[in-house]
Amino acid sequence: TRKESSAASDVYKRQVIDSLKLILKKQPTNAKIITSIVKEYMSIDKDTLALFYVGKLLEDEKTKDINEVAEYRLIKADILFRLKNTEEALILLNKNLEEEISLEKKVDTNRSLAEYYQGLGNFEKSLAITKRNEKFYLIENDSIGLLNVYSSIASVYLSLNRKEEAVAYLEKANLYGKNDKPYNRAAVLINISLLLNDNIVAIEKMNQAKDIAVENNVFELFPIIYKSLGIIHHQNGAYKKSNEYCLKSFELAKKSNLPENQLISLYQYLSLIHI
């Protein structure tokens, strides 16, 4: 079962942590080992212990490389957000932006801030911060960075219920996504198609996503693609086709061990089609 699998994974991760701690006894200032311990503790939701070890990374800040310190602050801020200590997390992130850190670390810091404000429901602030990163990536002509930024901006516009702007930014993301991983390219096309009012164009985009998934063996996307095609055909009144696609999705979803809530969602949608 999933619970047994998760418990086994936790046991394994604790063994990994114990091994890392043994190495740390011999190399107490090894930053890579300490960072690995922090990340392992975070992966099993032991955030207080992760916070203790990340504190070791931030000792004697002035003697360390500024970009290294910026990275440790980002990790600590992430832990603090998880522990609901948002005030201290924001102080750390703003400290990063006040210093002469690399472009990469500025972008990572902005991304963290934008995600925080979006989660808080302050979408306008999240949008303004994300657009800072757009400027950086345009200067660097970084197509993968622009794909991620435009996808993030689209997500914020969607939260603001501004569908047209969301689609426009996803289309921009699609333009810059030609060199990105097949999964990301297909995911952008799926998101565009689900937002379009024109069902013919939506099906065309979804089939493009399907072609990318087939060509690159991105099997985990097939349940999502088939369900999405089912939704579009349902909106178009083509109930038999909708049923076929949703059943395909359901069969693949069962085999691919998708989360239970996604299977429940498919059951509900199949019921709606039959009605």
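This is a predicted model: local features need pLDDT of at least 70, side-chain atom pairs count only at pLDDT 80 or more; totals for chains, interfaces and linings use all residues.
Trainee: How are helix α3 and helix α4 oriented, roughly parallel or roughly antiparallel?

Mentor: Let's start with the axes of α3 (residues 47-57) and α4 (residues 66-82), which come within 10 Å and cross at roughly 155 degrees. Angles over 145 degrees count as roughly antiparallel. Therefore α3 relative to α4 is roughly antiparallel.

Trainee: How many residues of the contact of α3 with α4 are nonpolar?

Mentor: On the α3 side you will find D47, A50, L51, V54 and L57, and they meet Y72, I75, K76, I79, L80 and R82 in α4. Of the residues in this contact, three are charged, none is polar, and the nonpolar ones number eight.

Trainee: D45 and R82 meet in a salt bridge, so which of the two counts as exposed?

Mentor: Good one to look at, with N and O 3.4 Å apart. The partners lie 37 residues apart, one in the loop between α2 (31-43) and α3, the other in helix α4. R82 has 33% relative accessibility, so it counts as partly exposed. At 60% relative accessible area, the exposed residue is D45.

Trainee: Which residue forms a salt bridge with R162?

Mentor: Begin at R162, in the loop between α8 (143-159) and α9 (163-176), and look 38 residues away in helix α7 (residues 123-140). The closest N and O atoms are 3.7 Å apart, and the partner is E124.

Terms used: Residues are numbered from 1 along each chain as its sequence is written. Side-chain values use heavy atoms; hydrogens and water are left out. Axes are lines fitted to C-alpha atoms, for helices over the stretch in contact, and angles run from 0 to 180 degrees between N-to-C directions. Helices (H or I, at least four residues) and strands (E, at least two) are DSSP runs, numbered from the N terminus. Angles under 35 degrees count as roughly parallel, over 145 as roughly antiparallel, 65 to 115 as roughly perpendicular and the rest as oblique. Contact means heavy atoms within 4.5 Å. Ala, Val, Leu, Ile, Met, Phe, Trp, Tyr, Cys and Pro count as nonpolar, Asp, Glu, Lys and Arg as charged, and the others, Gly among them, as polar. A salt bridge is a side-chain nitrogen of Lys or Arg within 4 Å of a carboxyl oxygen of Asp or Glu. Buried means under 20% relative accessible area, exposed over 50%, partly exposed in between (1.4 Å probe, protein chains only).
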